[in-house]
Amino acid sequence: MSVPLFSLRAFDVVYRDGAGEHPALLSLDLDIAAGRHLAILGESGSGKSTLAMALAGLLPPGAERRGALAAPGFAAPPRLGRDIGLVFQDPSGSLDPLMRVGDQIAEARRVNRGGSRGEARAAAEAWLGRVAIPEPGLAARRYPHQFSGGQKQRIALAAALAGDPSVLIADEPTSALDTVTQHGIVALLRDVAEAGGLTLIFVTHDIALASGIADDIAILHRGRLVESGPASEVFEAPFHPYTRALLATRLTLGMRRRRRFAEIDPRDFSVRVPGEAANG
Ligand SMILES: Nc1ncnc2c1ncn2[C@@H]1O[C@H](COP(=O)(O)OP(=O)(O)OP(=O)(O)O)[C@@H](O)[C@H]1O
């Protein structure tokens, strides 16, 4: 790999609160390559969001970092909005309900890239078009509540990209959406990342979505990186028993959601399909 965008070595994150210490990431060694699409995959609580927030420089004050997290692929320390765009699971959390969506995207443009108000407004409408919001000129004058959940996520994406970042971190951006809308958002993320030559870091618990978007995969389990590499290698020749178990659960992806990860026994990584013998 040429110079990685991000490089983590023996990287730990520990949360501390009144109830004690909660290790969220343990001894992570990972290089993230520029221009590729990385899916960070794992079940709930495995540390995916913690890793995404650490990369974005957004760990909360109570989080203690140890080890190294460097950004050698940037000329200067990366800045949120300008170098790194961020979208979350709930687009309402990143959109101001009292502000017209066009103004929000224009503001993100001006704060990060300067220019006149007119230029920023034009950029906002162009972005609304690029994320496939119909009638961008009219849409720009509407408020977030006047859009569907999927449209709001598209608008949040436009705001995240308005500052022309080179990296987009998407933390479970489709979890709150129905399946059809999910696939539309994933296709859009892939398209905008490809068109802009962006590095995409996509956090998900869903193997099917990860396999639809990722060049590279990093799999977390209980705060540890158990496997990482090109998606084709990880999916075709998984090395770690947890990855093999995770892929075995892929058979159940068409089934009810709650079954997906509950079937892996953390003690021996065997896969237990409810009502059947373990096949791990
Ligand atoms: N602010 C916090 N204070 C204390 N513990 C935290 C905090 N944030 C996360 N944790 C703990 O750190 C661990 C990793 O959490 P994290 O949110 O990174 O996992 P995740 O894989 O993104 O999970 P999910 O998919 O459910 O969002 C969990 O045990 C979680 O309870």
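In which sense, left-handed or right-handed, does helix 6 pass helix 7? In this predicted model, helix 6 passes helix 7 in a right-handed crossing. Two packed helices are described by the angle between their axes and the distance between those axes. For helix 6 (residues 149-161) and helix 7 (residues 179-196), the axes come within 10 Å and cross at roughly 20 degrees. Angles under 35 degrees count as roughly parallel, and helix 6 and helix 7 are therefore roughly parallel to each other.

The contact itself can be followed residue by residue. On the side of helix 6, Gly150, Gln153, Arg154, Leu157 and Leu161 take part, and they meet Thr181, Gly184, Ile185, Leu188, Leu189 and Val192 of helix 7. The residues of this contact comprise six nonpolar, four polar and one charged.

The relative accessible area of Leu86 is 12%, so the residue is buried. Leaving aside residues up to four places away in sequence, Leu86 touches Met53, Ala56, Leu58, Leu80, Ala160, Leu168 and Ile169.

Helix 1 (residues 48-56) is mostly covered, with eight of its nine residues buried. Met53 and Ala56 are among these buried residues, and both are touched by Leu86. Just after helix 1, Gly57 adopts a positive phi of about 75 degrees.

As for annotation, an unreviewed UniProt entry lists residues 8-247 as "domain: ABC transporter". This span is 40% helix and 27% strand, and its end C-alpha atoms lie 26 Å apart.

Technical notes. Residues are numbered from 1 along each chain as its sequence is written. This is a predicted model: local features need pLDDT of at least 70, side-chain atom pairs count only at pLDDT 80 or more; totals for chains, interfaces and linings use all residues. Side-chain values use heavy atoms; hydrogens and water are left out. Buried means under 20% relative accessible area, exposed over 50%, partly exposed in between (1.4 Å probe, protein chains only). Helices (H or I, at least four residues) and strands (E, at least two) are DSSP runs, numbered from the N terminus. UniProt positions are given in the numbering used here, feature names are shortened, and annotations may be inferred rather than shown by experiment. Contact means heavy atoms within 4.5 Å. Axes are lines fitted to C-alpha atoms, for helices over the stretch in contact, and angles run from 0 to 180 degrees between N-to-C directions. Angles under 35 degrees count as roughly parallel, over 145 as roughly antiparallel, 65 to 115 as roughly perpendicular and the rest as oblique. A crossing is left-handed if the near helix is turned anticlockwise from the far one by less than a right angle, and right-handed if clockwise. Ala, Val, Leu, Ile, Met, Phe, Trp, Tyr, Cys and Pro count as nonpolar, Asp, Glu, Lys and Arg as charged, and the others, Gly among them, as polar.
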